[in-house]
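Let's take a friendly walk around this protein model, with the surface as our starting point. Have a look at the sequence and the structure first.

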Amino acid sequence: MHLAYPAVLSALLFCTGLYGVLARRNAILVLMSVELMLNAVNLNLVAFDVWLSRTVRETLHSGQALTLFTIAIAAAEIGIGLAIVLAVHRNRGTSDIDKLRDTAERPESEGPDTEGPGSSAAEKAEATA
């Protein structure tokens with residue numbers, strides 16, 4: 001088999017995953033797209049390892065070994081990512097990425113000590129007197 005077939009398939013998988021990361025709003029779908037991109041990289045690693053092993057007889061199959069490490073890291077990444085998504089969903093009630101942009105604590109702006117657009121120093125002095 002030629003090297004072009006797995007390389008083209010890997011490029012298509014990677015582009016599909018990249019589109020999923022850039023276009024999706026759901027955090028779980030974004031994580032699935034990242035996994036698709038990692039699998040495209042794994043396919044490339046194995047394909048080039050097989051291609052190089054045909055040209056050089058004494059090889060260590062480092063592409064396949066690196067693929068195993070990538071799979072292990074991807075498994076850890078998806079476990080931690082899903083735990084974070086579930087924790088955020090429990091606290092915020094949504095996993096929509098656009099609604100989760102503001103992750104910092106919101107300042108308390110409705111209290112009586114804050115100055116709104118209609119309050120002035122004279123009104124504050126009147127209220128304290």
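Phe14, Leu18, Leu22 and Val41 make up a nonpolar surface patch with about 350 Å² of accessible area together. Patch members have over 30% relative accessible area and no salt bridge, with nonpolar side chains joined within 5 Å; areas come from the Shrake-Rupley method with a 1.4 Å probe. Helix H1 (residues 4–23) contributes the most, with three residues. Helices are DSSP runs (H or I, at least four residues), numbered from the N terminus.

This model is predicted: local features need pLDDT of at least 70, side-chain atom pairs need 80 or more, and totals for chains, interfaces and linings use all residues. Residues are numbered from 1 along each chain as its sequence is written, and side-chain values use heavy atoms, leaving out hydrogens and water.

Two residues are partly exposed, a class between buried (under 20% relative accessible area) and exposed (over 50%):

| Residue | Relative accessible area |
|---|---|
| Leucine 18 | 36% |
| Aspartate 98 | 35% |

The structure holds one salt bridge, meaning a Lys or Arg side-chain nitrogen within 4 Å of an Asp or Glu carboxyl oxygen. Arginine 25 pairs with aspartate 98, their closest N and O atoms being 2.7 Å apart. The partners sit 73 residues apart: arginine 25 in the loop between H1 and helix H2 (27–55), aspartate 98 in the loop between helix H3 (62–92) and helix H4 (121–128).

As for the whole chain, it has four helices and zero strands. Of its 129 residues, 19% count as buried. The chain exposes about 9900 Å², with carbon and sulfur atoms supplying 65% of it.

Key:
Patch = residues over 30% accessible without salt bridge, like charges linked within 9 Å, V, L, I, M, F, W, Y side chains within 5 Å. Helix = DSSP H or I, 4+ residues; strand = E, 2+ residues; numbered from the N terminus. Buried < 20%, exposed > 50% of the residue type's maximum accessible area, 1.4 Å probe, protein only.
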